[in-house]
Amino acid sequence: GEKCYVPLAASADLMLVYASEDGATQGFIIENGTSGLEIGEREKNMGLKALATYELALKDCRIPKENRLGGEAGCDFNRILNYSRVALSAMAVGVARAAYEYSLDYAKQRYAFGEPIAARQAIAFMLAEMAIEIDATRFMTWEAAWELDRGKDATKDAYLVKMYADDMVLTVTDRAVQILGGHGYIREHPVELWLRNGRGFVTFDGMAIV
């Protein structure tokens with residue numbers, strides 16, 4: 001099989017690969033250099049350029065049974081996926097909040113027609129909606145994390161917040177670029193970076209719509 005978007009594959013000593021076994025998804029630890037494991041060139045991503053990702057190919061790759069995650073009992077893949085979705089949602093909140101706070105400060109300092117553009121109703125409404133969406137996602141993330149901490153099945157909450165966070169972070173970062181106008185498209189300001197990074201959340205652990 002093949003897998004793209006694998007972080008730090010070229011320098012990692014061990015890799016965790018999920019595969020179907022008897023109809024269930026299980027995790028397997030593979031050592032770098034294992035026969036049949038091929039690592040491609042570093043991928044050229046739209047964002048997150050500080051994180052190197054690679055494409056992997058597994059061809060007749062054999063590993064000992066001791067490398068099965070969780071031993072004989074295996075692992076609870078759904079619970080691992082829930083933790084991943086909650087963590088990614090929290091990261092999305094952080095990216096969106098950075099974009100919001102930067103654009104808010106800019107709107108207060110940028111003057112047009114004798115007043116800060118933050119005083120313009122269209123800009124003010126946009127900033128208010130950004131703040132609402134960020135807080136809504138934050139509270140949903142806390143709720144899902146609380147369920148996980150209690151040992152509950154948080155599949156529904158984790159799925160919903162990840163879906164919501166994917167849309168939220170893209171919307172908020174895009175509006176931050178819009179508030180800065182032409183400056184938002186210039187790399188001297190970080191909002192264009194946050195927009196590119198924000199676009200990746202929908203793909204980080206696989207598309208939630210699939």
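1. A quick definition to start: buried means under 20% relative accessible area, exposed over 50%, and partly exposed in between, with a 1.4 Å probe and protein chains only. W142 has 52% relative accessibility, so W142 counts as exposed.

2. Some housekeeping. This is a predicted model, where local features need pLDDT of at least 70 and side-chain atom pairs count only at pLDDT 80 or more, while totals for chains, interfaces and linings use all residues. Residues are numbered from 1 along each chain as its sequence is written, and side-chain values use heavy atoms, with hydrogens and water left out.

3. On to the rings: searching the whole structure turns up five aromatic pairs (Phe, Tyr and Trp rings, six-membered ring for Trp, centres within 6.5 Å; planes under 30 degrees apart are stacked, over 60 edge-to-face, the rest tilted). F139 and W142 make an edge-to-face pair because their planes sit at 65°, with ring centres 5.5 Å apart. Both residues belong to helix α2 (residues 121-149), three residues apart, or about one turn of the helix (helices are DSSP runs of H or I, at least four residues; strands are E, at least two; numbering is from the N terminus).

4. Elsewhere, Y5, F201 and F204 form one aromatic cluster.

5. Now the sheet. Three strands make an open sheet in the order β1-β5-β4, with antiparallel pairing (strands pair if DSSP finds at least two bridges between them). The edge strands, β1 (2-7) and β4 (37-42), each pair on one side only.

6. Strand β5 (residues 53-58) is joined to β1 by four bridges, and the two run antiparallel. Which residue in β5 is the bridge partner of E2? That would be A57.
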